[in-house]
Amino acid sequence: MAVDLEQFAQRGFVTIPAAVDPDLVTAWRDGALIRLRDRASEELKDSVPRSEPRDFATLDPARPRTWKWKRATLRGTASAPLAKAAPAVLDGVAQLVGGVGRLRHQSISNYLIMSFPARGVRRLVATGEALGGRTPGPGSYHLDDPGPSMGLEGWRNAVLLVVLFSDIAPGGGGPILACDSPARVARRLALGGADFVGDDDCSAIVRECTDLHEVTGQAGDVMILHPFLLHSPTTNRRRRLRVLANPMLQVSDTLSFAPGSAARSPLERITQSWVG
Ligand SMILES: O=C(O)CCC(=O)C(=O)O
């Protein structure tokens, strides 16, 4: 299935439904809480609230009452080649970056981010009920791994994947994508001296964004995001544990994002078109 380049140019992302091998999705999702309980000292990257690895020993995967955290992230301890685990994603990314040979890595890992059902909030129960007015404040939007780049030169980050390992209903902790941010981020970078490590540039841009999209979907769906797409975590107001991965895929050379530089791919051409 070819990626809809028009949608990618307009909204900075495309969705590939049912893209990941369902057995892998089940194994990694179902293993997540067990890894957290049994191997937190080796495999926990961080949690909110911050906790000692031994605190997870009382977590019972079958009893949500014992899930005392808002979020927890597990390090990647296993990986799977995209060609086998999610071939349509590899094809889509290759189409965007100008060929699979340009990618530095072609795999996904079980680096998983869990968002637990929040406590002390009004819980959403009806299936159609949306996030409503409860959108996150501008300060929680960010770029992943912006590195020290202050301009459009030197970028290797090509696409950010959002890989759903659990079904996510509206209000179920799916991140919010600021779909009209990538062009704004590109234009800010083109001016030079940008700082996307701190909050200021991110917040200023998000305040201007109007196309905010809450990620929802089925386990196995994958969104391919432009690396300049600002996004924010949200509170999980459902009863279901939310599990996703969001690996960045890089090219091994650098991307020609600056207008006038030699674009080799739709990703570069689209980015240049945003700057004009
Ligand atoms: O967990 C999420 O909803 C988003 C995670 C995220 O944005 C990140 O880890 O950078």
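**Figure 1. The largest nonpolar core of the predicted model.** This core, in a model that is predicted, holds 75 residues. Val89, Val163, Val222 and Ile224 have the most contacts inside the core. Strand E7, residues 157-164, contributes seven residues to this core, the most of any element.

**Figure 2. Surroundings of Val89.** Val89 is one of the residues with the most contacts inside the largest nonpolar core. Apart from neighbours within four places in sequence, Val89 is in contact with Ile16, Ala19, Leu82, Leu161, Val222 and Ile224. Two of these partners, Val222 and Ile224, are also listed among the residues with the most contacts inside the core.

**Figure 3. Helix H4 and the residue that follows.** Helix H4 covers residues 87-97. Its buried residues are Val89, Leu90, Gly92, Val93, Gln95, Leu96 and Val97. In an α-helix there are 3.6 residues a turn, so residues three or four places apart point the same way. Just after H4, Gly98 adopts a positive phi of about 90°.

**Figure 4. The open sheet E9-E8-E11.** Three strands form an open sheet in the order E9-E8-E11, and the pairing is antiparallel. Strand E9 (212-214) and strand E11 (231-232) are at the edges and have a single partner strand each, so one side of each lacks a neighbour in the sheet. Strand E8, residues 176-178, pairs with E9 in the antiparallel sense over three bridges.

**Figure 5. The shell around the ligand.** Ile113, Ser115, Asp144, Pro175, His231, Pro233 and Asn246 are the residues around the ligand. By class, the shell divides into three nonpolar residues, three polar and one charged. His231 of this shell lies in the range of edge strand E11 (231-232).

**Figure 6. The whole chain, as context for the close-ups.** The secondary structure of the protein amounts to seven helices and 13 strands. Its C-alpha trace spans about 55 × 40 × 35 Å along the principal axes. The radius of gyration is 19 Å, which agrees with the value near 19 Å that a compact globule of 276 residues would have. Of the 276 residues, 41% are buried. Among contacts between residues at least 6 apart in sequence, 84% join residues at least 24 apart.

Key:
Residues are numbered from 1 along each chain as its sequence is written. This is a predicted model: local features need pLDDT of at least 70, side-chain atom pairs count only at pLDDT 80 or more; totals for chains, interfaces and linings use all residues. A nonpolar core is a set of buried Ala, Val, Leu, Ile, Met, Phe, Trp, Tyr and Cys residues joined through C-beta atoms within 7 Å. A residue is buried if 20 or more other C-beta atoms lie within 10 Å of its own, exposed if 12 or fewer, and partly exposed in between; C-beta atoms are placed from the backbone. Helices (H or I, at least four residues) and strands (E, at least two) are DSSP runs, numbered from the N terminus. Two residues are in contact if their C-beta atoms, placed from the backbone, lie within 7 Å. The radius of gyration is taken over C-alpha atoms; the globule rule is 2.2 Å times the number of residues to the power 0.38. A residue is near a molecule or strand if its C-beta atom, placed from the backbone, lies within 6 Å of it. Ala, Val, Leu, Ile, Met, Phe, Trp, Tyr, Cys and Pro count as nonpolar, Asp, Glu, Lys and Arg as charged, and the others, Gly among them, as polar. Two strands pair if DSSP finds at least two bridges between them.
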